[in-house]
Amino acid sequence: MLELHDIVLERNNVRSLSDVNLTVNYGETVVLTGPSGCGKSTLIRVALGLIKPKSGEVWFEGVNLQALSSEALRKKRRKMGIVFQEFQLLEHFTVLENVLLPLWEGDRIRNKAEDAIKSVGLWDKRFRYPRQLSGGEKQRVGIARALALDPDIIFWDEPTAALDPMYVHEILRIMDSLAQKKTMLVVTHEMPFALKVADRLVLMEAGKIVEEASPSKIFSEPSSHVGAMYRERLLDTREALQKLDTKQVV
Amino acid sequence: MRGGFKLDLAIVIFLEIIVLSAAIIVAGHGFSFYVQRGLDDIIGGSDYQVIVQVNKNETANFIEGLKETYSGRDGFRYRVSKELGENTHVLLGYSEQDLKNGALDEVTRLVSSLPGYGGLAPLLDPAILVKGMPQETYPELIEEIHTWPEAKFAAKGPMGLYVVAKDRKHLDTIQDKLKDLTSTYYKWELDLKDHTNQEAAQARKMIDVALQGKKYWFTAAPAEGVIGDAVRLLKSYTSQLVFESELPVGAEVILSPETLKTGTKPKSSFLARVYTDGVFLIKGDSLELTGSEKAYLLDGTGYVKKALSEYRLESPRKDLEIWQPVTDAHDLQVSIQALADKVVQGEDFGILVREIEQLAKNLSLQVPSELNSQLSVLVLWDRVGRLPDGFRAELAQKLLDWGNAMPSDPLLRLKQSLPSWSDEDIAKSWQEIEAIARPKTVSVVTTETIPPIDGVVRQPAAEISEDIKSQIGGVVNSVVPFAALTVVVILLWVFMAIDHSLWGSYLETKNNHLTPLYGWIIGVLEMVFVVYVMPFEMSVIVKLVYVIVGGIGSAVVITFSNRISPLNAKSIEAGEALGLSKTELYRQVIVPDGRPGLWQLLNRRKLLSPRRFRNA
């Protein structure tokens, strides 16, 4: 469905992506992770056609995005949904209007937006403005907005990174349920989520993909030091949980 | 979603042009009104032609008298203007017809008797002043000028003949026409060697002989007429010594109660000097003379030359207590009383009309033709017995009211002030004035082209130039379009800052280096429209400068777009990621995120609304 071939991106003579090759198949949930600044979010923007790479090709549903006119690219983008880390809602629009926005230049069918809002549990707050919502609610609006166009693929750019821990779970729960129905490319550091939901885990470091395999394989036999690092973190988490369980038993 | 970004931009530019055009008209007329009021206060203007100084404490009484004097005069207006020291300035304005009928000539006569009156000046803008033409030629000139479409009216003023233009732009045409009109009049000027009145009189006699049977008018220097009158008037109030024998002109005479010897240097408080028109007391006060003083003629060095025979003292100062003025104004009031009596007594209106005409003639006025025709109707009605009841009594009363409004004798004022002056004070005054008025040339205006006397210099009689007050008016008025255009340029920059800086800011986020060019083009485009529609005269170069300045300023404003209207890059990224077109990105994301302005106001109609969606 989505294929990135030999992507190279340079900004101000600094290479931020180097020969990246990545494929996301229909129905697949791919989790992309790596240290901060390794190029994960940039890769998503390249995949969306928001940033033009120096070289390489982005193919989506059999079409080379680089070969498209800006108008055709814009139309193609409507088949992709994105959920941002910092929500990026329009403050002058209500919840309903924010979710209606992607439909404004389309068929203008209101039900689509309303269904999306209902699916994230914000029906009662559809006339509120973003400033009247909590962080978790804002991100749910972001998800509803991404769902409104019923995209073929959803990109998630660290959707829980800007949230208080108390809201993280509800977002992960929604993502989990969507993963059953949608193709997703998720940038996240939530390793338990990756372990549970991802079909494939892709590890990046310094603009390169250093390891790519199923989560269980990476967490059991990591072939890169990034993979080993994440394995350590996961094991630490498990140990901590076990201690918590023991204390509860005592 | 009709139209795109370009249409939105075009509509915004169109509306901005409308607003800017309205602004220049409003600002222009606003400044014009403001400047005109200022001009009215300083130099009169198109609405007011006369400024009167009134004693501050008498302003209310003056206004009451003014209303009464001018009641029923169409187009007469007044405005109480500034207070300066102890005086209030009152502006008077007349209708065009009234001005043509000589309102400026009669104003002094009508208002000088009102309480608190302290002098007036005609103030005309825009006007051409013709100096040097004899007053006898004015009626003919005025008649011709009143046929010119460019001229509002022409009238006699203190400095000459004023020709007021309908519009400032007509001044040049009027000036040219006046040159043509007066081109047949020449001024002959003869220089005097000794600058004495006797020499001037001889020169005049010579010219009289040379121009016998021709058309000619002696002209006084501008000050000579007024100052000469003042000297004569003051001299007539100075005490004179009348001797039986003739004394040499310029000699001095001393009056002393003591007997003086020839060759001695006398000390006395009373000194007189011999002039061509009499021996006037120039030192001391006649009220202090006892009549027993003897007169002695002095030599040129101040010593007694000889004792003089008996003399007679004629002292107006001593006579002031019993002096009664007898003037034209007094005569006029007597005439009016007689006329009113005749009206009441049932005199035939035909005779009365002739008497009115005679009265007007005495006052150098002409009965207007409209009034003449009305009077003719009155004569007819009278003869067929159709005059309304009480008409004669009412008319008589009006005549008396008019007569009472006539100025009282100006000498009365002098009489009130003279008792505090000594003969010496009075003499000093006229001596000082006379020194200024001493003739340096004799000049005559004639239609003759060949000089009749050797040494005479010929030049055009009329000195035609824009009146100085009119020039001031021109300079001040020319500020108006500058001020209005400046307001518009600033408003344009405000539009650039609140409307166009959004787009500039967006372009900058896209690293588009043509952003200032965008600002410059819009600035120039809008200014070109504004200077095209502006209803004020201005040179093309100045207009061009404003267009360029408007454009450069717009470019500068746009250069700082990011500081003026910083955009939320994340909102834009969201809009782009959601697949919004450039137009909708601008309408839904950028404009609502910017500052409230014309574009944001227009954008409200284009903003996403749930009502515009339908259910599946």
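This is a predicted model: local features need pLDDT of at least 70, side-chain atom pairs count only at pLDDT 80 or more; totals for chains, interfaces and linings use all residues.
Local features were taken at pLDDT of at least 70 and side-chain atom pairs at pLDDT 80 or more, whereas totals for chains, interfaces and linings use all residues. Residues are numbered from 1 along each chain as its sequence is written, chains are lettered from A in the order in which they are written, and side-chain values use heavy atoms, with hydrogens and water left out.

At the interface, 29 residues of chain A are in contact with 26 residues of chain B, contact being defined as heavy atoms within 4.5 Å. The two chains bury about 2,700 Å² between them, 62% of it on carbon and sulfur atoms, where buried area is the accessible area (1.4 Å probe) that two parts lose on being put together, summed over both. On the side of chain A, W104(A), E105(A) and R108(A) lose the most area to chain B, together 25% of what that side buries. Two salt bridges are found across the interface of chain A and chain B, a salt bridge being a side-chain nitrogen of Lys or Arg within 4 Å of a carboxyl oxygen of Asp or Glu. The side chains of K570(B) and E86(A) form a salt bridge with an N to O distance of 2.1 Å.

Helices are DSSP runs (H or I, at least four residues), numbered from the N terminus, and their axes are lines fitted to C-alpha atoms over the stretch in contact, with angles between N-to-C directions running from 0 to 180 degrees. In chain B, helix α20 (residues 569-577) packs against helix α21 (residues 582-593) at an angle of about 150 degrees, with the axes 10 Å apart. α20(B) and α21(B) are therefore roughly antiparallel, a term used for angles over 145 degrees. The contact joins S571(B), I572(B), G575(B) and E576(B) of α20(B) to L585(B), V589(B) and I590(B) of α21(B).

Also in chain B, the axes of helix α17 (residues 515-533) and helix α18 (residues 540-559) come within 7 Å and cross at roughly 145 degrees. The residues of the contact between α17(B) and α18(B) include W520(B) and M527(B) of α17(B) and Y546(B) and I558(B) of α18(B).

In chain A, helix α5 (residues 135-148) and helix α6 (residues 165-179) pack at an angle of about 20 degrees, with their axes 9 Å apart. α5(A) and α6(A) are therefore roughly parallel, as angles under 35 degrees are classed. Among the residues that meet are I143(A) and L147(A) in α5(A) and I171(A) and L178(A) in α6(A).

Notes:
Helices (H or I, at least four residues) and strands (E, at least two) are DSSP runs, numbered from the N terminus. Angles under 35 degrees count as roughly parallel, over 145 as roughly antiparallel, 65 to 115 as roughly perpendicular and the rest as oblique.
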